[in-house]
Amino acid sequence: MHRQLISHLAHADHPIAAPVSEANLDRLLTRAKLPAGARILDLGCGEGAWLLRALELYPDATADGVDIGEEALAAAAESAGRLGLSDRLRLHQVPADAFEAARPYDLVLCVGATHAFGLLAETLDAVRRHLRPGGLALIGEGFWERPPSKELLDLLGSDPDDYADLAGTVARARDAGYATVHAHTSTREEWDDYEWSWTGTLTRWALDHPGPDGDEALAAADQHRALWLDGYRDVLGFVTLLLRPVDR
């Protein structure tokens, strides 16, 4: 089973695909205060939960979703049809760093998908070229709540400089030429809800599908749960930053 399929199955009951509640997702999107006829782009949109909610909150907006996951994009298209939003949503199965558009956007999202570009600074550089003057970026990024151990870094395959602490994350955005105009720091409750859903949904699917695929899915769920509970819980945080380039 490829990584995108594992992720799609695990997010079936939590399509926001980040440790953010529905209420806080709404607050972030509403705080963007998008203009009439806004154009929205999500780089790494997954099943499109952020874009679909944005289109509901801004009834005259249009959106583009970009992802490499075939199953996730199919789910996004199905949800858009069910909600009557298909005519305002375009989906693109291409790598986020390869997407090109003829016109800039009022809001560009990249939540939990900054790995598609590298580190935060590279993500913000890529996002900038898609923004219109005065446009906003909504970026979901990890940060260290406390210094990680070497053992945890080895398990994550991470370098200590991959993330900063919360203040350092805001400073990295500033150094990349952005001002933070709002943000949401995910709570422990949001993290736990996300992780229990990810591992539990995948476990349930695995038990309902005995055989090689089920065994692989169950192993992935067990590995993820152990890495979370015995590793990065209360060490890795998550913040969603609403940013505006300072020179535009």
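Close-up 1. At 29% relative accessibility, Ala 17 counts as partly exposed, a class that lies between buried (under 20% relative accessible area) and exposed (over 50%), as computed with a 1.4 Å probe on protein chains only. The model shown is predicted, so local features need pLDDT of at least 70 and side-chain atom pairs count only at pLDDT 80 or more, whereas totals for chains, interfaces and linings use all residues. Residues are numbered from 1 along each chain as its sequence is written, and side-chain values use heavy atoms, with hydrogens and water left out. Ala 17 is found in the loop between α1 (3-10) and α2, where helices (H or I, at least four residues) and strands (E, at least two) are DSSP runs numbered from the N terminus. Most residues other than glycine have a negative phi.

**Close-up 2. The lining of the second largest pocket.** About 400 Å³ of space lies in this pocket, the volume being the space filled by probe spheres set on grid points that are joined across faces, edges and corners. On a 1 Å grid over the protein atoms alone, a pocket is an open set of points where a 1.4 Å probe fits, with protein on both sides within 12 Å along at least five of seven lines, and lining residues have an atom within 4 Å of a point. Of the 19 lining residues, Pro 15, Ile 16, Glu 22, Leu 25 and Ala 49 lie nearest the centre of the pocket. The helices α2 (22-31), α3 (49-57) and α4 (70-83) each supply at least two residues of the lining, and the largest share, four residues, comes from α3. By class, the lining divides into seven nonpolar, four polar and eight charged residues.

**Close-up 3. The largest nonpolar core around Leu 109.** A nonpolar core is a set of buried Ala, Val, Leu, Ile, Met, Phe, Trp, Tyr and Cys residues joined through side-chain atoms within 4.5 Å. Among the 49 residues in the largest core, Ile 40, Trp 50, Leu 107, Leu 109, Leu 138 and Leu 202 touch the most other members, while α3 gives the most to this core, with six residues. A second, separate core of 24 residues includes Ala 137, Phe 143, Tyr 178 and Leu 243. Not counting residues up to four places away in sequence, Leu 109 touches Leu 29, Ile 40, Leu 41, Asp 42, Leu 43, Trp 50, Leu 51 and Leu 138, a contact being heavy atoms within 4.5 Å.

**Close-up 4. Ala 220 in helix α9 and Thr 203 in helix α8.** Ala 220 belongs to α9 (residues 212-232) and counts as buried at 18% relative accessibility. Leaving aside neighbours within four places in sequence, Ala 220 is in contact with Ile 6, Trp 198 and Leu 202. Thr 203, within α8 (residues 188-208), also counts as buried, at 16% relative accessibility. With neighbours within four places in sequence again left aside, Thr 203 is in contact with Leu 218, Ala 221 and Arg 225.

How values were computed: Nonpolar A, V, L, I, M, F, W, Y, C, P; charged D, E, K, R; others polar.
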